[in-house]
Amino acid sequence: MIVKTILKTKARGAGIVSVTPDASVGDAARLLSQHKIGAVLVMNGDRVAGILSERDIVRGLADAVDVCITAKVRDLMTTEVFVCHEDDTVERLMEIMTAKRIRHLPVVDANGDVAGMVTIGDVVKSRLDETKMEAESLRDYVMAGR
């Protein structure tokens with residue numbers, strides 16, 4: 001399975017949720033809650049400037065509770081954003097997510113434009129679906145040989 005297939009199977013209307021670097025962390029947290037997601041892309045126009053995750057916000061709270069909610073996204077966002085491409089395999093996603101200890105990967109197309117976001121949940125679902133399909137194929141193969 002490749003990333004493009006995963007993006008097609010994600011819930012309809014599940015577009016890219018993003019904020020600007022100048023948005024408040026409080027506004028970003030409300031977006032995370034409203035959309036029931038764990039990270040938002042931080043965009044400068046049509047380019048990725050960073051990513052802000054729940055983990056980033058928790059770390060900010062641990063450092064300075066009073067300041068965190070009024071801080072700007074740029075103050076807490078992760079600027080080293082790892083991305084994947086539409087033709088990457090699920091195995092490649094697992095390698096990146098495991099090696100970098102991340103749960104969200106923006107997907108970029110051949111032009112470098114953001115095409116979506118893949119989460120660890122999407123990867124797990126994809127692997128489960130694949131395993132189920134393989135098991136059914138093996139069961140059908142065994143039953144046909146009887």
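Two strands are said to pair if DSSP finds at least two bridges between them, while helices (H or I, at least four residues) and strands (E, at least two) are DSSP runs numbered from the N terminus. This is a predicted model, in which local features need pLDDT of at least 70 and side-chain atom pairs count only at pLDDT 80 or more, although totals for chains, interfaces and linings use all residues. Residues are numbered from 1 along each chain as its sequence is written, and side-chain values use heavy atoms, with hydrogens and water left out.

**The sheet**
- An open sheet is formed by 3 strands in the order β1-β2-β3, and the pairing is mixed.
- Because β1 (18–19) and β3 (47–53) stand at the edges with a single partner strand each, one side of each is left without a neighbour in the sheet.

**β2 and β3**
- Strand β2 (residues 39–44) pairs with β3 in the antiparallel sense, over 6 bridges.
- Along this pairing, L41 has I51 of β3 as its bridge partner, and M43 has V48 of β3.
- The hairpin of β2 and β3 has 2 residues between the strands, and G45 takes a positive phi near 65 degrees there.

**β1 and β2**
- β1 and β2 run parallel and are joined by 2 bridges, with S18 standing opposite L41 in β2.
- From β1 the chain crosses through helix α2 (residues 25–35) to β2, and this β-α-β crossover is right-handed (with the strands pointing away from the viewer, the path from the first strand over the helix to the second runs clockwise).

**Burial**
- In β2, which is mostly covered, 5 of its 6 residues are buried (under 20% relative accessible area, with a 1.4 Å probe and protein chains only).

Note on methods. Buried < 20%, exposed > 50% of the residue type's maximum accessible area, 1.4 Å probe, protein only.
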